Amino acid sequence: MTPSAASSIDERASAIDRAKQEVARNTREGELLVDRVFHRYSTFGRQTEVLRDVSFRIAPGQVACVVGPSGCGKSTLLGLAAGLLRPTAGTILWDGAPVVIGRNRHLGMAFQQPGLFPWMSVRKNVAIGLRTRGYPRRDARRIADEFLHTVGLSDFKDAYPSQLSGGMAQRVGIARALALRPRLLLLDEPFAAVDAFTRLKLQQEFKALLALTRPTVLFVTHDVAEAIALGDVIVVMTQRPATVQRIIPVAREERHRASAAYARKLAETLECLGVTSDMGDEH
Amino acid sequence: MASIDNGIASTVDISATASPRLSPRVRAWLLGLAGTAVAIAVWSLLSHWLAHGGGVINRLPGPIAVVRELVQYATSDLASDLLASLRVFAIGWLVGAASAALVGLALGRASLLGGIFLPIVEAIRPVSSIAWVPLSIVWFGFGLTSKVFLVGLAVFLVVIVYAVDGSHRVPADLERTATMLGMNEWQRFASLVLPGTLAEVLIGSRVALTAGWGTVIVAELVAANSGLGAHLIAVEQSYNVSAVMATMICFAAAGFAMNAAFTFMEQRLMPWRHDRARQER
Amino acid sequence: MTRSPHPAARRVLLPLVGVACVLGAWEATLALYRLPAIVLPTPWSVATALADLITTRAFWHDVGVSLYEFAVGYAIGVVLGVAIGILMGERRHFRMAATPVIESLRFIVPFAWIPLTILWFGTSYTGKILLVAYAVFFVMVVSTARAVAQVEPTLSRVGTMLGMGSWRLAFTVHLRAAAPTLASAARAAAAIGWIAVVAAEYIGASAGLGLMITNAAASLATPVVIAGMFVIGVVGAGVSAAIGTLSRKWLDYR
C-alpha cells in the first residue's frame, strides 16, 4: 500500500469518526445528510458567501426538491453533494460517510444543459458512463439501449446530439444518469430549458422512471409546481447567502393538481418564498 | 447557474475554496518568474554541457555571454540598425495598410468588381509574401524599394480581408436608422461604411504587425545591406553565435514593443472595440 | 445592390473575367513598357517554364526534399505542441509558469532563427526540420492550451460525474471537444511551416524548392522564378486542403 493511499484511508477513518460524534443520529444507508454546510467562493479576489448553515436530511428512497430564488446557491448545493466541490465548512454525508471529492460511483447527475458529448451518438453517450465503470462494451450497449427505450428514444440510438431537440437531449441526459443505476440521483433544474408542455410530459415520465429503481433524489428546481408534483419533501431556501427556510412535506393527495390540498400546498410554499397567492385585480 | 460555474472553475485547484494564501495575480507572477528562471537555468546547463563536445550544436553560448553581446550591440550599432529596419517596416506597413483599405473598400462595395477580383485575391493570399522574395530582387534589386514592396505585400494580404469584411459589415439596425433619417448614398457612405471599414482596417493592421515585422527580417536576410537582418547575417558569417542570439532578442523585443504600443493606442482610440480586438490575437 | 439573375453563373464567370483582366494587364504592361524578358516575361514563357519543370526529375527531387523537411518538422511540431498545450490547458500552475517563456519565444519569428540554424546545422535537412517544428509548435501549443481550457464546463462536470479521472477527462473529453479548433490551427500551422521551409531554403540550403528558385533568380531565369512561386502556392494549397479534408472527416462533429 502506498503511503498516500494509507494516509487517505486514515483521513477517511477519522472523518467518519468525527461525523459520527458530531451527529447524534442513526445514519442509514441511502441517506443523504447535509450537516451545517457553509460555502464561499472567491472570484477575482472577492469572496462571496453562498451557503450559510444549511442542514437537512433526505431519507433513503426519498425525493427532495430544493426550491428558492434564482442565484441562491441551489446549484452549488448540488455540486457539493456530488463531490464536485468541497464545502468551506460543514459536512455532507452519504451512507454515513463524507462525500469524496472527485469521482463518485454511487451517484448519477443530470445538469441543466444536457451536456451530451457532441461527437458521440446518443447510444454511445448513454453507454460511456458504464464503460468508464468497467462494463464491457456489449453489456454497456445493451443497458444503454434498455434505458433509451425507457425514455422513449429507441429510434434515435444512432442519432447525434446536434440532431435532437432540447427535450430529447434532456431525456438522453437523464437516461445516461439512470443507466448508472445510481443510489443517489442529483438533478439540476433538468427541465428548465424546455418549453412548458414538454416539461409537464418529462415530469410524468420521470416519476415513472423513479418507480423502477427508487434512488434517493435531490432535485433542484425553481418551479414550485414541479416540486410539489415530484417531491416527497420540499426544501425551501432563502436568498443568498442561502439557508434552509422550511422543510415542507408533500403528501400523496396534495399532488393532484385539481385538488384543494394542492392549492393549499402551493400557496404555503409560495408564501415561504415571499410570493402572494392572491393575484386579484389591482386597479 | 453562475455559482456552480464559479465554484467548479476551481475544482482542479480545491484550495481556492479555502481562504487563499496568495491572490491569483501574485501567484501567476511568481509562477511565471519561476518558469522563466527554470528556462534560463536549463539554457545555462545546456551551454555548459555542449561546450565540451556536445555534437552538432557545438556552440551554445550561455545567457551571460548573450547579455554581454546585447549590451555591446546596444551601445554600438543597435540604434542605427533598428532605425533602418523600422524605416523599412513603417513605410511598407503604411503603404500596405492604406492600399488594402482602398482596394478592400472598392472591392467590398462594388459587387461587380468584387466578384471579378476578390477570388484572385483569395487565391494569392495563402502564398505568403516571402515567396515573392526572389522575384522582388529581380524586379527591384537589393534596395529599399524591394524590401518595402515585400513588407507592403505581406501587410496588404492580411489587411485586405479586414477591409472587405468591414465594408460589408454595416450592422442592420444602423442601416435601418440611416434609412429612417433619410440619408442619401453619400451620407451613408461617409457615416456608416467609412468608419466601420476604418475600424476593421485598424484591427487588421495590428494583426499584420507580426506578419510585416517578420517579413522585414526575411527581406533583410536576403538583401542584406542594412538593418537588423543585415547585422544578423554579418554576425552569422563571422560565427559569433552569442551576437546572433542577441540580435534575435533585439528583433523580438522590438516586435513586442510595437505590438504593445499599438494595442495601447487601439484601446484608447476605439474602446468599444476593445473586446473584439482582444479576440483577434 | 441589385440581385443578379444568375448567381451561380456569376460565381464562375466573374473570376474568369478577373483572370482574363490580369493576363490582359500583364500583356499590356509588356507592350507598353517594353521591359526586358528578364524583368517581366510573357505569360506564355512562364507556362512553358512550368511545363519544363514538371518534366524534369531534378525539380521533383527538389519538391520532394522541401516536402520531406516540411512533413517531418510538421509532425514533430504538432505532436509536441498538442502535448504541451494539453498540459498547459489542464494544469493551471504549469500554464502560469510556462506562459512567459512561451510568449516571449513566440515573438522571435521563425525566420529570425534561420541564421542560427544555418550556423548550427549548416545546410542539412535537420536544421530546416527543426525550424518547421519550432514554427508549428508555437502555433499549436497556444491554440491547444486555449481550446482545452475553453471547453464547455458542463462537459467536464459530466465526465467527472460519469467517473472519469482527470487525465481520462483530458483526453476523452477536452481534447476531443477541442479537436475542431485544433484542426483549423493545424491548417494555419501548415501554412507557416511551409513558408518557413521555403524561406530557409532561400537563405541557405543544399537542395529544395527554395534553392531552385534562388538559383533561377541568380541566373535571371525569371520565368522559372515565377513558375516556382506558382508551385509554392499550389503545394501550400494542396497541403492545406489535405489537412482540411482529413480533419473534417475525422474530427468535425458540428
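One definition to begin: two residues are in contact if their C-beta atoms, placed from the backbone, lie within 7 Å. Now the housekeeping. This is a predicted model: local features need pLDDT of at least 70, side-chain atom pairs count only at pLDDT 80 or more, and totals for chains, interfaces and linings use all residues. Residues are numbered from 1 along each chain as its sequence is written, and chains are lettered from A and ligands numbered from 1 in the order in which they are written.

Helices (H or I, at least four residues) and strands (E, at least two) are DSSP runs, numbered from the N terminus.

Start in chain B, with helix H11, residues 241-269. It has 29 residues and reaches 42 Å from its first C-alpha to its last, close to the 42 Å expected at 1.5 Å a residue. That expected span is 1.5 Å times one less than the number of residues.

Which residues of H11(B) are buried? Among them are B:Val241, B:Met245, B:Phe251 and B:Gly255. Buried means that 20 or more other C-beta atoms lie within 10 Å of the residue's own; exposed means 12 or fewer, and partly exposed is in between, with C-beta atoms placed from the backbone. What do the buried residues of H11(B) pack against? In chain B, helices H3 (63-74), H4 (78-109), H9 (185-222) and H10 (227-237); in chain C, helices H4 (92-107) and H5 (114-121).

Next, a helix pair in chain B. The axes of H6 (residues 133-140) and H7 (residues 144-168) of chain B come within 9 Å and cross at roughly 145°. Axes are lines fitted to C-alpha atoms, for helices over the stretch in contact, and angles run from 0 to 180 degrees between N-to-C directions. H6(B) contributes B:Val133, B:Ser136, B:Ile137 and B:Phe140 to the contact; H7(B) contributes B:Thr145, B:Ser146, B:Phe149 and B:Leu150.

Over to chain A. Here 6 strands form an open sheet, in the order S6-S7-S8-S3-S9-S10, with mixed pairing. Two strands pair if DSSP finds at least two bridges between them. The edge strands of chain A, S6 (107-110) and S10 (244-249), each pair on one side only. Neighbouring strands of this sheet are turned by 15° against each other on average, direction ignored. S3 (residues 63-67) and S9 (residues 233-237) of chain A run parallel, joined by 4 bridges. A:Val66 has A:Val235 as its bridge partner in S9(A).

Last, chain A against chain C. The contact takes 17 residues from chain A and 14 residues from chain C. On the chain A side, the largest share, 3 residues, comes from helix H3 (residues 122-132) of chain A.
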